[in-house]
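Subject: Structure handover

Hello,

Here is the structure for your files. My notes on it follow below the entry.

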Amino acid sequence: MVVFRVNAVIHFAHPMRFTDYLKQLKATLPPGATLYVFHPDGVVYAVSRDCVRRLDPTRRAEDCVDMLRFIDNGQYTRYLIGSAATSDHNPANATFKLGFVRPHSAFTPHAHGAEHFVLSMGYASCGLYDHERATVAHVRLIPGSMLYIPALMPHSFNNRADSPLPLVIANTGMGIDHDDYAITAAMAEERARGGDETAARLVTALRQLEAEMAVDRLHSDVSWRERMAMLLRRLAGILEGGG
């Protein structure tokens with residue numbers, strides 16, 4: 001519900017700004033990463049380096065590609081992890097958890113040994129290492145943004161706001177106790193000394209990510225427009241709570 005309120009304020013007031021935001025994301029995201037943006041009118045936009053795809057299957061027949069019938073006719077679903085055949089005999093090796101990030105703080109840059117989906121419910125940002133360009137992609141995230149991060153893509157989530165940042169995280173293959181869950185630069189350097197070529201490639205990327213995340217202004221704070229939207233979100237919460 002929070003996602004709906006915030007986007008309704010920003011995007012209906014400035015429709016062209018939302019289009020520009022999607023174009024900016026498309027140009028910024030590294031290959032393999034996908035950002036899902038939840039629009040207030042019920043549309044989800046899947047943005048990647050290759051395209052901006054509109055997901056609106058209940059209203060547009062062309063958006064039903066890759067969609068499955070979801071319990072009833074006219075309802076649709078699309079699996080992100082697992083498949084329609086998932087069962088006790090055909091399990092999907094995945095975890096699903098909540099996370100909370102302190103105000104104005106960021107995770108130590110790291111890479112996961114498994115693919116991740118992260119739903120950000122606040123004013124966040126993320127640095128993603130672009131191996132193709134050998135650069136860091138700095139991505140601004142608004143509430144209701146879900147980011148797909150491929151395995152071994154160095155990254156770091158950052159909370160730009162004065163309040164805690166709630167996250168919903170789903171990933172395949174491993175929990176936080178696994179040795180490959182979050183590979184930091186220090187861990188990668190230690191493995192590289194043992195002859196691990198994959199770890200050696202990660203070291204440079206993670207160190208560059210550390211350096212840029214510390215100084216890039218995109219990660220430092222929320223804009224005045226976002227502060228206004230934040231106040232309106234809180235007001236909407238009061239109004240909705242009153243029935």
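Glutamate 189 has a relative accessible area of 25%, so it counts as partly exposed (buried is under 20%, exposed over 50%, partly exposed in between, with a 1.4 Å probe and protein chains only). Its side chain meets that of arginine 207 in a salt bridge, 3.0 Å from N to O; a salt bridge here is a side-chain nitrogen of Lys or Arg within 4 Å of a carboxyl oxygen of Asp or Glu. The pair links distant parts of the chain, with arginine 207 in helix α4 and glutamate 189 in helix α3, 18 residues apart. Arginine 207 is also partly exposed, at 34% relative accessibility.

On provenance: this is a predicted model, in which local features need pLDDT of at least 70 and side-chain atom pairs count only at pLDDT 80 or more, while totals for chains, interfaces and linings use all residues. Residues are numbered from 1 along each chain as its sequence is written, and side-chain values use heavy atoms, with hydrogens and water left out.

Other salt bridges

The count comes to 15 salt bridges. One of them joins arginine 160 and glutamate 226, at 2.8 Å from N to O. Arginine 160 lies in the loop between β12 and β13 (165-172) and glutamate 226 in helix α5 (residues 224-241), so this pair ties together parts that are 66 residues apart in sequence. Both ends are buried: arginine 160 has a relative accessible area of 1%, and glutamate 226 is at 3%.

Glutamate 62 and arginine 60 form another salt bridge, their closest N and O atoms being 3.7 Å apart. Arginine 60 is partly exposed, at 27% relative accessibility.

Helix α4

Helices (H or I, at least four residues) and strands (E, at least two) are DSSP runs, numbered from the N terminus.

At the start of α4, the backbone nitrogen of threonine 198 has a side-chain oxygen of aspartate 196 within 3.0 Å. The buried residues of the helix are Ala199, Leu202, Val203, Ala205, Leu206, Leu209 and Met213. They pack (heavy atoms within 4.5 Å) against several elements, among them β9 (124-130), β10 (135-141), β12 (155-159) and α3 (185-193).

Regards

Conventions:
Polar contact = N/O pair within 3.5 Å; in protein donor to acceptor, adjacent residues only side chain to side chain.
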